[in-house]
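This report looks at a few local features of one protein model. Please keep the sequence and the structure in view while reading.

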Amino acid sequence: MPTEWTAEKVLALAPDEPSARAGRGLASATKWANLGQSDGLIWGECQGSGAKPYQTKADRETSASSCSCPSRKFPCKHALGLMLVWASAPRSLAESAPPEWVASWKEMREKKAEKSKEKAERPAAPADLAGKAKREASRAAKVASGLDDLALWLSDLVHQGFSTLAAKMEKPWDEQARRLVDAQAPGVARRLRQIDEMPLSGEGWQASLLDRLARLHLLSEGYRRCDLLPPDIAEEVRATIGFPADLDAVRAGPGVRDHWQVIGEAFVLEGSLSVHRTWLIGRETGRAGMVLGFAAGGRPHDRELTPGTVLDAEIAFFPGSLPMRGLVKERYGPPESLVHVSQGTTIARAFAIHGEALAKNPWLELSPVALRDVRLLGGEGDWSIRDASGATIPISNRSLRAWHLLAVGGGEPMTICGEFDGARLEALGAIVCGEFLPLQASETGPRETASLAAPVAVPLLVEATASAIVGVDRRPPPTPPGDDPIGANLIGLDSKEPATRLLAIAAAASLYGRVGRKPALDPNPAPDPCPPDDRPACTPEQARRLARMYQGEQDECLPEWIGLLAVSGGRLPHDAIVELLQRHEQGRFPIGPLRAILGVRGRWLAAKNPKWRILAGGDEIVEPSTTWESGAPDERMAVLRSLRASDPARARELVAATFAQEPANRRAAFVGEFARGLSMEDEPFLESTLDDRGKEVRRQAGDLLRRLPGSRLCLRMIERVRPCLTWKPGPLGIGPGPLVVELPSSCDKSAVRDGVEVKPGQGAGLGERAWWLREFVSAVPPSSIAEILDVTANRIVEATVGTEWGSVLWNAWAISTVRHGDAEWADVLLQKTHGESDPLPDSGQEHALFGVLPGSRRDAEIMRRLRADPDRLRPSQPTLEFLQALAGPVGIEAGREILSRIRPYLVEERSRFPDPAQYPRLQTWSGARSDPGYHDFHVVGAIMKLGEILPMALVDEAAEGLIDDDLSDLAYAHAFAKMIDRMRFRRDMHREFAP
């Protein structure tokens, strides 16, 4: 690995996505102790679940690593985290002498390398030539017998025809593959299993099947005639069948020294075996190379070559007609970064080179290519590459991170590297703006079904396929014309039986088509690249903090970071766009700030994906009516969301035009989007949907109409509430007296149409009439209640304290207050609730009411509640629970009041466990909810949440006053430490945005 690491290159080493995700979670220097570096080595200690921290070390030059954790994955999450720390903040690793456990690892590796070199230079022991010859003869006989059985089975299949496959076993090729494994021909077995993974349905499957069977036939016939073939062709046949090569002989043979450009790596599964292919292109010679690795039982690969590097080395190649597989014989110096691929080519030339290689090796499946000055096209599932000539090549659907590549490149020409099967490219890496980006980073992958391109439909192969479908017993094989280029190579087939003739004809026709295959040409002009961004990118410090949140550190602060960047006028760096767009799919962020920070590049990218299109802005959506009429569901929803944000009336027109023809679930989803930009102009349409046949549609419409105080639904609800709430005359008939509550006598069809549920909800604990009262009152705006009773909110709520129906009314008022954001009513309800005899029955409503209060009033209410409990915050009281539900920070005074109540928790907890033998029970909390003598699980979570709401200015006071050595082993203390970490993280984040 090059000295200059990046997060992309480190994560490319991850054995799987869970390891990469876990590594990102450890990519912060705050999670490590004793970080250091020296002479190309880095190290650190990370605390795990055990008593001792895990000791992790890595070599910056080779990416080798080791860790004392028990993980069997390599590199483990700790090694990945350590490398990510170095990549993002190298200064956090101090220059120092390596500790003993690092020095001993370095010494061990040096001794191992020396032994390997000595072994390679040591003269080989005298071989047991007689025993070797006997073993080879035995294997050759087994292979020949297995291929004879395969030829007989294929002959029977071709005689009967492919139409009989449906009547055979579900996996007709698996039994034959197992027999070939027993016959020691694993290469043939692998190709049979590829057929077993094929879908035997859809257009063209018969031609693809015949093509694969014909290649097997050609391989089998080649093995029978190995003695007659040129030595290099014979070696290709043996290697393809699966005969092992003599690694010592290869290593001892001549090598090719070059600066080998490592353009990518691919992992595939073949049964329980994981295969690792690393592709190379010589910088001076232009020669293609592949280093092959195998791992079984979930063991990691020995990844000695890192994509995106250039290695001065000597490669020894295995014998064959087209030597491509090789091994590293000797290195000459450390690797360099790959910033430009020499020997890059055009798409047309890549097809021609692959065809020339096929002419030398008919069984070739893949070859490496580096396509220069190409553009990435696509955006909705089908991706392709195009060069300046208009030649195109599709990218396999297995290619990963195409969106990221498009975001970084912005549609400009780039170099894309990968493995080519003659028709499609498996993109493995790209060079954009002078940096190599790995495009696949996992050792687990799909089987190789897609590694063989579909055959070219040359006329002779089409005729042969027609015979194979019905069987040669019904339709004889075609006769190749003598003057045909294919027929000229098929002389002497007349004497063969029909099935053999058909397979030979298909093999020749398939090879002819593959050798001469040419790329498709796109006659349209190349798409324009993305225009320049109109905002400056965020600073490097801000970008590094964003990367840490992407990696899992304090990622709850991400919405806050987005808001800060939007206010500052900056934008996302291009390499961070896709991650945030994908997180947006989960609905975590407000659209306005997110759209602002995307910049031109991000909005340009968002317009290409239906899931993100709402962020592109209205200008990016062309002809919304066309998309609405013929687009996919995701596209139509994106159009609706965008228009509701920019032109609600136009969005309403589109929905109304097709509403009656939509299915119920889609109608409900469309109505739900009216919450964006909701106004009285939407009222007529929503009123009409109250008669919809879909229950969810009616529910959505009723909820929206309740948010419009002037809607007809609200007016009807007001009339239903009037007779239910009245005043008795006051003393001497002056002013209002007690509040009289009359339960509704009925719930008619009109009320049901307005969304009133006739039967009480489960667990409501109310009779029908009391339930109707709750339904009616909760649908009326709080201001209308005050108008009906002609008094203040405080007077109305006070009149219900201790009354029979006070709880029902408070519950209904809370629902309406939150719906309409009425701060006056929220304040009154919260003051009357705390400490009174009729609290709100639902604590969640109380938390929601806090969200309605403005900041100053919310702080005052927090102070009032905290001071009502003069001792401390008790787990038995709901104070911490409502603090945990708050959104946004509290004021300084309220923050200090909260901090002053926290430390007594620690003191009391220590007194509960005086025996030091019990201390381990205090250090963790997961799974201990049922232990009454254990820490309160909910309180621990609430304390960590305080890091989001306490003022950042109090972080130093919090750190100094909460934890000391006597209390540091408490689980609560760990929770407080996490709380302080979050406060400190937020403080530093705000400082980075300070002018």
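Contact means heavy atoms within 4.5 Å. The model described here is predicted.

## Two crossing helices

Helix H24 (residues 695–706) and helix H25 (residues 712–721) have axes that come within 8 Å and cross at roughly 75 degrees. Angles from 65 to 115 degrees count as roughly perpendicular, and H24 and H25 are therefore roughly perpendicular to each other.

On the H24 side, Gly702, Leu705 and Arg706 take part in the contact, where they meet Leu713, Cys714 and Met717 of H25. Sorted by class, the residues in this contact of H24 with H25 are 4 nonpolar, 1 polar and 1 charged.

## An enclosed helix

How many of the 11 residues of helix H7 (residues 186–196) are buried? The count is 9, so H7 is largely enclosed by the rest of the structure. The buried residues are Gly187, Val188, Ala189, Arg190, Arg191, Leu192, Gln194, Ile195 and Asp196.

Several elements cover these buried residues of H7, including helix H5 (129–160), helix H6 (174–182), H8, helix H9 (231–241) and strand E6 (256–270).

## Serine 208

Serine 208 is placed in helix H8 (residues 205–224). Is this residue buried or exposed? The relative accessibility of serine 208 is 16%, and buried means under 20%, so serine 208 counts as buried.

Which residues does serine 208 touch, leaving aside its neighbours within four places in sequence? Serine 208 is in contact with Met198, Ala454 and Pro455.

The whole structure holds 56 salt bridges. One of them joins the side chains of arginine 982 and glutamate 556, at 3.1 Å from N to O. Arginine 982 lies in helix H38 (residues 971–993), and glutamate 556 lies in the loop between helix H15 (540–550) and helix H16 (558–568), so this pair ties together parts that are 426 residues apart in sequence. Arginine 982 is buried, at a relative accessible area of 12%, whereas glutamate 556 is partly exposed, at 41%.

A salt bridge also forms between the side chains of arginine 652 and aspartate 682, at 2.5 Å from N to O. This pair links distant parts of the chain, 30 residues apart: arginine 652 is in helix H21 (residues 648–658), and aspartate 682 is in the loop between helix H22 (664–672) and helix H23 (683–688). Arginine 652 is buried, with a relative accessible area of 16%. Aspartate 682 counts as buried too, at 0% relative accessibility.

Glutamate 861 and arginine 864 form a salt bridge in which the closest N and O atoms are 2.4 Å apart. How are the two placed in helix H33 (residues 855–867)? They are 3 residues apart, so about one helical turn separates glutamate 861 from arginine 864. An α-helix has 3.6 residues a turn, so residues three or four places apart point the same way. Glutamate 861 is buried, with a relative accessible area of 1%, while arginine 864 counts as partly exposed at 31% relative accessibility.

Elsewhere, salt bridges that share partners form one network, which joins Glu687, Asp691, Arg716, Arg720, Arg753 and Asp754.

Key
Residues are numbered from 1 along each chain as its sequence is written. This is a predicted model: local features need pLDDT of at least 70, side-chain atom pairs count only at pLDDT 80 or more; totals for chains, interfaces and linings use all residues. Side-chain values use heavy atoms; hydrogens and water are left out. Helices (H or I, at least four residues) and strands (E, at least two) are DSSP runs, numbered from the N terminus. Buried means under 20% relative accessible area, exposed over 50%, partly exposed in between (1.4 Å probe, protein chains only). A salt bridge is a side-chain nitrogen of Lys or Arg within 4 Å of a carboxyl oxygen of Asp or Glu. Axes are lines fitted to C-alpha atoms, for helices over the stretch in contact, and angles run from 0 to 180 degrees between N-to-C directions. Angles under 35 degrees count as roughly parallel, over 145 as roughly antiparallel, 65 to 115 as roughly perpendicular and the rest as oblique. Ala, Val, Leu, Ile, Met, Phe, Trp, Tyr, Cys and Pro count as nonpolar, Asp, Glu, Lys and Arg as charged, and the others, Gly among them, as polar.
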